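Colleague: I am new to reading protein models. Could you take me through one, feature by feature?

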Amino acid sequence: MVQLWEKDLLLLLAKIFFMAISILYAIFSFMVVRQVSLMNKSFTASLHGFFTFLAWVHFFVSLLAIILVFTVL
């Protein structure tokens, strides 16, 4: 039988895990934005604006995920 303090500890560890993963994901998505920016400086493509837009959307969705994790947990 699981004790009450063990359930609380497991829940706390799960919260910390999801918060850390969401923060790492936001850092990764910001690095994607920087890489797309560097790629666009290296060579020109007809879709460079679209790629930049997608990179920023990806970054803002990851920020939304952080907000969601912190409000739900």
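The dialogue below goes from the overall form to single residues.

Modeller: Ground rules come before the features. This is a predicted model, where local features need pLDDT of at least 70, side-chain atom pairs count only at pLDDT 80 or more, and totals for chains, interfaces and linings use all residues. Residues are numbered from 1 along each chain as its sequence is written, and side-chain values use heavy atoms, leaving out hydrogens and water.

Colleague: How many helices and strands does the protein have?

Modeller: Helices (H or I, at least four residues) and strands (E, at least two) are DSSP runs, numbered from the N terminus. Here there are 2 helices and 0 strands. Helix H1 covers residues 4-42, and helix H2 covers 48-72.

Colleague: What does the radius of gyration say about the protein?

Modeller: That radius is taken over C-alpha atoms, and the globule rule is 2.2 Å times the number of residues to the power 0.38. For 73 residues the rule gives 11 Å, but the protein has 18 Å, so it is more spread out than a compact globule. Its C-alpha atoms fill a box of roughly 60 × 20 × 15 Å along the principal axes.

Colleague: What share of the contacts joins residues 24 or more positions apart?

Modeller: Contact means heavy atoms within 4.5 Å. Of the contacts with a separation of 6 or more, 71% are between residues 24 or more positions apart.

Colleague: Is serine 29 buried or exposed?

Modeller: Buried means under 20% relative accessible area, exposed over 50%, and partly exposed in between (1.4 Å probe, protein chains only). Serine 29 has 0%, so it is buried. This serine lies in H1. Beyond its neighbours within four places in sequence, serine 29 contacts His58, Phe59 and Ser62. Asparagine 40, also buried, has 19%. Across the protein, buried residues make up 15% of the 73.

Colleague: How many aromatic pairs does the structure hold?

Modeller: A pair of aromatic rings is described by the distance of the centres and the angle of the planes. Rings of Phe, Tyr and Trp (its six-membered ring) pair if their centres lie within 6.5 Å; planes under 30 degrees apart are stacked, over 60 edge-to-face, and the rest tilted. The structure holds 7 such pairs. Take phenylalanine 30 and phenylalanine 59: the centres are 5.6 Å apart and the planes at 55 degrees, so the pair is tilted. Phenylalanine 30 sits in H1 and phenylalanine 59 in H2, so the pair ties together parts 29 residues apart in sequence. The rings of phenylalanine 59 and phenylalanine 60 are also tilted, with centres 5.6 Å apart and planes at 55 degrees.

Colleague: Which residues do ring pairs link into a cluster?

Modeller: The cluster holds Phe30, Trp56, Phe59 and Phe60. Phenylalanine 59 is buried at 13%. Phenylalanine 30 is partly exposed at 38%, and phenylalanine 60 is partly exposed at 44%.

Colleague: Which element gives the largest share of the nonpolar patch?

Modeller: Patches use residues with over 30% relative accessible area and no salt bridge; like charges are joined within 9 Å, nonpolar side chains (Val, Leu, Ile, Met, Phe, Trp, Tyr) within 5 Å. A salt bridge is a side-chain nitrogen of Lys or Arg within 4 Å of a carboxyl oxygen of Asp or Glu. Accessible areas come from the Shrake-Rupley method with a 1.4 Å probe; for residues, only the protein chains shown count as cover. The patch here is about 1100 Å², and its residues include Phe17, Ile27, Met31 and Leu68. H1 and H2 each give two or more residues. H1 gives the largest share, 7 residues. Methionine 31 lies in H1 and is partly exposed at 48%.
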